[in-house]
Amino acid sequence: MPQTAVKLAYSTVLRMAGPISPVAFQQPSSLLTFSYSPSHELEFTDSALRYYVHPPRNADLRHGYDRWIRRPEERGRIDNLLRAVIRVRTNMDAQDLNGAGWLRDIGIVSWRGVMTKIMTAPYEERDSWELNVMMVDGTLYFEEHLTENKLAEKNNVAPHHRMQMYYGYAFESYCTSSTPAPSKGTAAGTWGGDVNTNVQWCSVVKTKLGDTRIVIGGEVDCVRGHFTGNTDSFVELKTSLIIRGAQDEAHFEKKLLKFYFQSFLLGVPEIVVGFRTAAGRLSKVQSFRTMEIPRLVRNKPGAWDPLVCLDWGKRFIELLKSTIVSRPSTLGDPLPVWRVKFTPRSGVTISPLDKPGLDEVVNGEDRVGFLPQWYFDDIRSAERRSSELHPSVNARSAGPNASPEKTSTLPPGWQI
């Protein structure tokens with residue numbers, strides 16, 4: 001690790017004296033939705049939207065395994081999320097709402113999976129991770145960094161683990177339908193169609209952690225009833241081994257941490273869990289209200305606390321901002337790429353990439369750091385138009401001393 005690395009240790013949060021002050025988190029609200037086609041082409045439609053139906057009793061989660069079309073693991077690019085951001089900004093401009101100004105007020109743009117890793121880090125005991133980070137006009141952009149070895153590892157899964165992965169996708173198929181009121185031929189309790197993980201329906205939301213506005217994109221499994229255009233009908237689908245005793249219960253409660261934050265960050269109010277046997281038979285289905293999950297583990301030995309995670313996330317973001325703003329690139333590049341490395345039970349380190357590291361991130365593609373050149377050009381063009389149309393609007397300071405906007409009052413039920 002270069003000598004310029006900055007570290008945020010677990011002791012900053014987990015070993016502090018006294019109670020942790022609650023960190024405000026704004027209920028996520030929907031900006032737009034989009035779909036991926038069977039060939040994984042981006043469409044700004046709801047063609048991949050699925051509706052929740054009750055799965056059949058004793059369903060075989062191995063069904064259709066030999067017909068599974070599995071999308072290979074790839075670099076954690078945020079290109080399609082950026083296309084969604086451009087679409088939101090353009091729609092705002094069309095309504096004379098200064099989309100460029102809106103984007104300047106966004107502190108972070110990230111996929112939900114990255115934000116989940118950050119928020120659950122205080123309790124992660126096994127898996128390390130790395131992020132690439134850039135700041136443009138005061139906005140931080142996150143992408144997961146996967147080495148070639150890590151990608152190969154993810155794509156060469158052992159048969160046993162591959163089957164376990166498939167159980168979750170099969171459960172999704174049993175639990176979803178292409179129509180809100182299934183016809184007689186596709187009644188609830190039947191197989192919903194062979195699994196193709198190229199097909200996804202995604203939501204992009206805006207939220208706020210402390211004083212930092214965040215745009216998050218992520219896949220949504222299905223909706224209950226009709227889709228209203230908001231997040232209130234979203235449903236997350238999960239599978240877990242049946243609980244046979246205290247040890248299984250403790251293991252499941254640990255899994256609930258990621259279940260919770262995956263849904264919490266995207267505004268998903270309901271998580272439906274299919275409990276299965278080791279042989280892949282569906283034994284029981286249980287629905288959980290996302291906001292009630294922390295109460296299920298509260299005061300239990302070794303229990304996780306969402307307040308610790310939110311406090312850690314706020315400190316992480318603050319350190320990242322101050323580090324990037326205060327340390328100019330040694331390469332003389334106005335837009336350096338930073339590497340964030342997380343080590344379980346230790347913390348995170350933040351350091352600028354050197355030339356070989358930057359070349360690895362660019363990967364021979366037309367990019368400014370890891371941002372596509374077309375996105376960089378687009379936001380620069382939007383800034384010029386905004387300056388002409390809204391000359392009296394001052395750009396937000398990119399530094400840590402920018403005046404924070406007062407945190408919005410949280411709707412009932414979303415305050416932890």
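Cysteine 222 is in no disulfide, and the nearest cysteine sulfur, that of cysteine 175, lies 7.2 Å away. Cysteine 222 has 0% relative accessibility and counts as buried; cysteine 202, at 3%, is also classed as buried. Here buried means under 20% relative accessible area, exposed over 50%, and partly exposed in between, with a 1.4 Å probe and protein chains only. Because the model is predicted, local features need pLDDT of at least 70 and side-chain atom pairs count only at pLDDT 80 or more, whereas totals for chains, interfaces and linings use all residues. Residues are numbered from 1 along each chain as its sequence is written, and side-chain values use heavy atoms, with hydrogens and water left out.

The protein chain contains eleven helices and 18 strands. These are DSSP runs numbered from the N terminus, helices being H or I of at least four residues and strands E of at least two. Of the 416 residues in the protein chain, 50% are buried. Among contacts with a separation of 6 or more, 77% join residues 24 or more positions apart, contact meaning heavy atoms within 4.5 Å.

Ten strands form an open sheet with mixed pairing, in the order β1-β16-β15-β6-β7-β5-β10-β9-β2-β3. The edges are β1 (6-9) and β3 (42-43); each has a single partner strand, so one side of each lacks a neighbour in the sheet. Two strands pair if DSSP finds at least two bridges between them. β1 runs antiparallel to β16 (residues 347-352) and is joined to it by four bridges, with alanine 9 partnered by glycine 347. β16 in turn pairs with β15 in the antiparallel sense over six bridges, and isoleucine 350 of β16 stands opposite valine 340. β15 and β16 form a hairpin with three residues between them, in which arginine 345 of the turn has a positive phi of about 65 degrees.

β15 also pairs with β6, antiparallel and over five bridges. Tryptophan 129 has phenylalanine 342 of β15 as its bridge partner, and asparagine 132 stands opposite arginine 339 in β15. In β7, asparagine 132 stands opposite glutamate 143; β6 and β7 run antiparallel and are joined by six bridges. Two residues separate the strands of the β6 and β7 hairpin, where aspartate 137 takes a positive phi near 50 degrees. Seven of the eight residues of β6 are buried.

Helix α9 (residues 306-326) lies across several strands, including β1, β6, β15 and β16, and runs at about 170 degrees to β1. Axes are lines fitted to C-alpha atoms, for helices over the stretch in contact, and angles run from 0 to 180 degrees between N-to-C directions.

The largest nonpolar core has 58 residues, of which Val133, Phe142, Phe261, Phe316, Leu320 and Val340 touch the most other members. A nonpolar core is a set of buried Ala, Val, Leu, Ile, Met, Phe, Trp, Tyr and Cys residues joined through side-chain atoms within 4.5 Å. Helix α7 (residues 246-266) gives the most to this core, with nine residues. Apart from this core lies another of 34 residues, among them Tyr36, Leu81, Leu103 and Val136.

Technical notes. A disulfide is a pair of cysteine sulfur atoms within 2.5 Å.
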